[in-house]
Every structure is written in structure tokens, then in C-alpha cells.
Amino acid sequence: MTLVTYMEVLHEASRLFKVHHRDILSKSKFDFILPARFALYKALHLRGNSYSQIGRWFDRDHATVRHGVLRANEIMKQDINYLS
């Protein structure tokens, strides 16, 4: 199994959502950025990383990351193409 870094997951989210990785890392809350950011948090959490660890990587609070993962789950329920 290949070890995937959090930066590789970031760049993959950037590619999939067609959003520059700097936008995902920014504090911006534009609607076109948020789904990519939420997907990034969810992917990293599914790989076994804690909310706190993900938050440290991206300079976010653990509660912000948790909220992003929950939002990704909500989007998945409404949009079958999200994260598939």
C-alpha cells in the first residue's frame, strides 16, 4: 500500500473539483470552494486522521474540520456524483 500524504490528497481534490489548491487552503468561504474543502477533510478523515490532526495541517480548528466532514456527508446524500 502506498503512503499518501495530505498534500497529495489536497492536490487531488484540487484537480477533481477544478479549484486551485491555494483556494482550498485559503480562509475564503466562496460556494465554489467549499465542496472541495469538505471533500478534502472527509478523505483525510476516512484515512484515519483525527479532526485535530487535519486541522493542524490546514490551520483550522478541529470543530471546523468536523463540520466540513458532516457537510460532505450531507452533500453526498443530495448529490450522487459528489465524491464518486
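Serine 28 touches Ile33, Leu34 and Arg37, leaving out residues up to four places away in sequence; contact here means heavy atoms within 4.5 Å. This is a predicted model, in which local features need pLDDT of at least 70 and side-chain atom pairs count only at pLDDT 80 or more, while totals for chains, interfaces and linings use all residues. Residues are numbered from 1 along each chain as its sequence is written, and side-chain values use heavy atoms, without hydrogens and water.

Where does serine 28 sit? Its place is the loop between helix H2 (21–25) and helix H3 (34–46); helices are DSSP runs of H or I, at least four residues, numbered from the N terminus. Serine 28 counts as buried because its relative accessibility is 18%, buried being under 20% relative accessible area with a 1.4 Å probe, protein chains only. A polar atom of its side chain lies 3.3 Å from the backbone nitrogen of phenylalanine 30.

I turn now to H3. The axes of H1 (residues 6–17) and H3 come within 9 Å and cross at roughly 145°; axes are lines fitted to C-alpha atoms over the stretch in contact, with angles from 0 to 180 degrees between N-to-C directions. On the H1 side, the contact is made by Tyr6, Val9, Leu10, Ala13 and Phe17. H3 contributes Pro35, Ala36, Ala39, Leu40, Ala43 and Leu44.

Finally, leucine 10 is also in contact with His21, Ile24, Leu25, Leu40 and Phe58, its neighbours within four places in sequence aside.

Notes: Helix = DSSP H or I, 4+ residues; strand = E, 2+ residues; numbered from the N terminus. Buried < 20%, exposed > 50% of the residue type's maximum accessible area, 1.4 Å probe, protein only. Polar contact = N/O pair within 3.5 Å; in protein donor to acceptor, adjacent residues only side chain to side chain.
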